[in-house]
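Subject: Structure handover

Hello,

Here is the structure we talked about. Please load it before reading on.

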Amino acid sequence: MMPRVFTLIGLSLAFWIAILGGYWLTVSSLPVAQAIEREQIGSWWVWPRSGSLAADPYLKANIAAQSILPIGLGEGIALVATVDETGEALEGRCSYNLAGRLPAARFFSIGIYKPDGTLVDTPTGRHAFTGSELLRTETGDWSIIIQPEAAPGNWLPSGPDGPVLLVLRLYDTPLSASAAGLAASGLPALVKVSCP
Amino acid sequence: MMRLLIWIASGCIGALIVHLSAVLLLPNVTGNTVAARSLARLPINTLSLETDGSSPIIRFADPTALYAYCPFELGTSPLRIVSAVSDIPMSFVFVAPNGTIFSAFTDRAANRGVIDLRLGTAEQIDALADLDDPANPPTEYRVASPHVSGTVVIKAFMATPSMREAARDALNTTRCGLG
């Protein structure tokens with residue numbers, strides 16, 4: 001009788017370790033896997049295989065869980081910045097300057113989001129810049145000021161508070177299949193100007 | 001004590017199996033993918049435009065694009081999508097029910113100013129190929145879908161906010177349906 005009871009207790013223990021442990025492993029591993037699979041280029045992160053059938057199971061699980069539509073491999077590529085040049089997390093209340101080179105693309109946009117994927121609440125309704133909207137200098141250079149307060153030039157409102165992230169989307173770019181080879185100097189740099 | 005360790009070790013192996021199964025099954029059962037959401041919310045085999053600037057289907061939608069969705073069920077025949085090229089850049093993304101993109105291209109793939117494509121299962125695409133006249137090859141693109149259902153996401157990009165109406169027109173003149 002007693003050995004049977006011990007067997008039942010052991011089976012029950014193994015069952016609950018399997019269920020709870022499996023759940024914990026899954027919940028905790030998805031963000032880790034998302035971080036491992038990305039390629040970092042300066043402040044920007046890219047998931048080169050996210051827009052194709054070659055995405056690995058963890059990436060597919062992340063895409064499914066978050067209702068994200070990656071940019072297709074034949075469509076272009078998206079780069080995400082959640083930190084500035086020094087590696088500090090982007091904050092809506094701070095002021096940043098985004099400037100530098102952009103890879104060749106037929107169309108690009110730079111948008112600002114909250115971490116949950118919704119657009120930042122802004123007084124002007126502007127949430128992104130396209131190449132056609134950027135004011136440029138005589139030499140063709142451009143810069144975007146990202147901060148809550150209005151600023152002359154290319155101002156991208158960042159909302160009053162909380163973390164924000166930037167998404168740079170390049171459509172019809174030859175980079176789609178080879179983003180991992182891109183140098184940081186080929187992408188705009190994100191520099192913190194001030195933070196109250 | 002030894003038996004207890006064996007049960008704990010068995011539980012850990014079981015946890016690994018549960019974890020791997022969950023990761024593999026999650027995209028198919030979550031019901032939260034872009035394709036699953038559009039299949040559940042929108043009419044099938046018809047193009048539905050986004051009603052406002054904020055996308056109800058996709059998180060992290062591009063604010064410089066208008067989105068239209070054509071959820072498809074390929075049970076009876078292939079899907080046909082026809083779109084005339086205009087000044088508005090467009091892209092076409094084919095999404096499986098598990099959220100994986102199985103094909104994508106932009107309007108640069110247009111032939112004589114028109115995107116004309118058939119989306120079908122491998123069998124349907126083979127059947128179309130059997131009917132082709134070798135002396136007069138078809139000009140349409142053919143995309144084989146690995147799944148019977150899914151969704152096509154069509155984006156029209158606005159270089160400036162004033163191009164919203166032109167982008168909407170570009171999507172409104174795009175046709176998506178069985179045939």
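My notes on a helix, a sheet and a helix pair follow.

This is a predicted model: local features need pLDDT of at least 70, side-chain atom pairs count only at pLDDT 80 or more, and totals for chains, interfaces and linings use all residues. Residues are numbered from 1 along each chain as its sequence is written, chains are lettered from A and ligands numbered from 1 in the order written, and side-chain values use heavy atoms, without hydrogens and water.

Helix packing between chains. Helices (DSSP runs of H or I, at least four residues) and strands (E, at least two) are numbered from the N terminus. Helix α2 (residues 57-66) of chain A packs on helix α1 (residues 2-29) of chain B at about 55 degrees, axes 8 Å apart. The axes are lines fitted to C-alpha atoms over the stretch in contact, and angles run from 0 to 180 degrees between N-to-C directions. Contact means heavy atoms within 4.5 Å. A:Y58 and A:K60 are among the α2(A) residues that meet α1(B), where the partners include B:H19 and B:L20.

Sheet in chain A. Four strands form an open sheet in the order β8-β7-β4-β10, with mixed pairing. Strands pair if DSSP finds at least two bridges between them. β8 (154-157) and β10 (189-194) are at the edges with a single partner strand each, so one side of each has no neighbour in the sheet. β4 (residues 95-99) runs antiparallel to β10(A), joined by five bridges. A:N97 sits opposite A:V191.

Regards
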